Amino acid sequence: MTTHTLEESVAKSPPGTAAAPARRRTGRLRRAGLPYLLLLPAFVLELLVHLVPMGIGIVMSFKELTQFYIRDWGTAPWSGMGNYRLSVDFHAPVGEALLHSFLVTVGFTLLSVALCWLIGTAAALFLQDGFRGRGLLRALFLVPYALPVYAAVITWVFMFQHDNGLVNHVLHDQLHIGARAAFWLIGDNSFYALLTVSVWKGWPFAFLVVTAGLQNIPGELYEAAALDGAGTWQRIRRITLPSLRPVNQVLVLVLFLWTFNDFNTPYVLFGKSAPAAADLVSVHIYQASFVTWNFGTGSAMSVLLLVFLLVVTGAYLLATSRGRRTTDA
């Protein structure tokens, strides 16, 4: 009786009802797999553009790869950790030069990031309130960031010329600063020239990010603070800077990574051979690889730089996340 009833109910059910759960499962699988399918092109490009060359570079760092093995670098003999030991032997010429370049890069990066953040934040705060001509000033402030790097830096090369450059003309000929015109592209002054160009083209990005962050701060907070008698500096200290903390944490990290890895600016400014005072790690690795043709040592230096940046980035993110949890608690 029961079997007959079940058979009758199945026979009376509309066609396709038994396949409905299967179609629903298929639909769920398609919806779940769609995001991964959309990410697949980006993952393939990332694999081809970054991950595969990175893996090849790591393999090259364990080989004695010189100009004699460029045609078939796979036949270069293995050196093990020899390239790494040579790079970190700070009593040898190669390691000593790398350490000097690393210290120059650290000092340059800290100064550049600090100045970019300071100038960008000051400009964003200055343009926070509406006034006539604010849109024009915003557009002018973003010009250095919008210009192509090569065009902008080449312009600075002409401005830093010793005999007919604009910088010496203003400082020495018009303002009479210094007994003689300075050499900006050689010697110790090259560090200040590089820092000037880096800050000039980097602070508009900080200005743009901080300006976007200021839009999320409610105006009622400033009005309440003004009613309580808080001055401009107190409002900035008590409202603006704490509200911008998440934005500034990301901004400082991005500026640090961009500046520490910057190759275009010193290369266009000084050429293949940067002065000792402006010998950044990126240009130093380029010289070790493509000027002296010692690709194994240059690859080892690149891996060491990658490890350093990963450690610094991880420590920074850990410290900022702990600080954020402490503030929220």
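Of the chain's 329 residues, 33% count as buried (buried is under 20% relative accessible area, exposed over 50%, and partly exposed in between, with a 1.4 Å probe and protein chains only). Keep in mind that this is a predicted model: local features need pLDDT of at least 70, side-chain atom pairs count only at pLDDT 80 or more, and totals for chains, interfaces and linings use all residues. Residues are numbered from 1 along each chain as its sequence is written, and side-chain values use heavy atoms, with hydrogens and water left out.

**Overall fold**

- The secondary structure comes to 15 helices and zero strands (DSSP runs numbered from the N terminus, with helices being H or I of at least four residues and strands E of at least two).
- Take the contacts between residues at least 6 apart in sequence: 65% of them join residues at least 24 apart (contact means heavy atoms within 4.5 Å).

**Largest pocket**

- About 580 Å³ of space sits in the largest pocket. On a 1 Å grid over the protein atoms alone, a pocket is an open set of points where a 1.4 Å probe fits, with protein on both sides within 12 Å along at least five of seven lines, and lining residues have an atom within 4 Å of a point. Grid points are joined across faces, edges and corners, and the volume is the space filled by probe spheres set on the points.
- Its lining has 20 residues, with Ile285, Gly298, Ser299, Ser302 and Val303 nearest the centre.
- Helix 2 (20-60), helix 14 and helix 15 (295-328) each put at least two residues into that lining, and helix 15 gives the most, with seven.
- By class, the lining of the largest pocket has 13 nonpolar, seven polar and no charged residues (Ala, Val, Leu, Ile, Met, Phe, Trp, Tyr, Cys and Pro count as nonpolar, Asp, Glu, Lys and Arg as charged, and the others, Gly among them, as polar).

**Second largest pocket**

- The second largest pocket holds about 400 Å³ of space. Its lining has 21 residues, and Tyr145, Val149, Lys201, Gly202 and Trp258 are the closest to its centre.
- Several helices supply at least two lining residues each, including helix 4 (93-126), helix 7 (149-159) and helix 12 (245-260). The largest share, four residues, comes from helix 9.
- Here the lining splits into twelve nonpolar, seven polar and two charged residues.

**The salt bridge**

- The structure holds one salt bridge (a side-chain nitrogen of Lys or Arg within 4 Å of a carboxyl oxygen of Asp or Glu). Lysine 201 and aspartate 262 form it, their closest N and O atoms being 3.8 Å apart.
- Lysine 201 is in helix 9 and aspartate 262 in the loop between helix 12 and helix 13, so the pair ties together parts 61 residues apart in sequence.
- Lysine 201 counts as partly exposed at 22% relative accessibility, and aspartate 262 counts as buried at 10%.

**Nonpolar core**

- The largest nonpolar core has 53 residues, and Phe160, Leu194, Leu214, Leu255, Leu269 and Phe270 touch the most other members. Such a core is a set of buried Ala, Val, Leu, Ile, Met, Phe, Trp, Tyr and Cys residues joined through side-chain atoms within 4.5 Å.
- Leucine 269 is in contact with Val153, Val157, Leu185, Ala193, Leu194 and Val197, leaving aside its neighbours within four places in sequence.

**Helix 14 and what follows**

- Nine of the eleven residues of helix 14 (residues 281-291) are buried, so this helix is largely enclosed by the rest of the structure. Among the buried ones are Val281, His284, Tyr286 and Ser289.
- Tryptophan 293 lies in the loop between helix 14 and helix 15 and counts as partly exposed at 39% relative accessibility.

- Most residues other than glycine have a negative phi. Tryptophan 293 has a positive phi near 60°, and histidine 176 has a positive one of about 55°.
- Histidine 176 sits in the loop between helix 8 (166-174) and helix 9, and at 61% relative accessibility counts as exposed.
- Tyrosine 316, in helix 15, touches Asn248, Gln249, Val252 and Leu253, not counting residues up to four places away in sequence.
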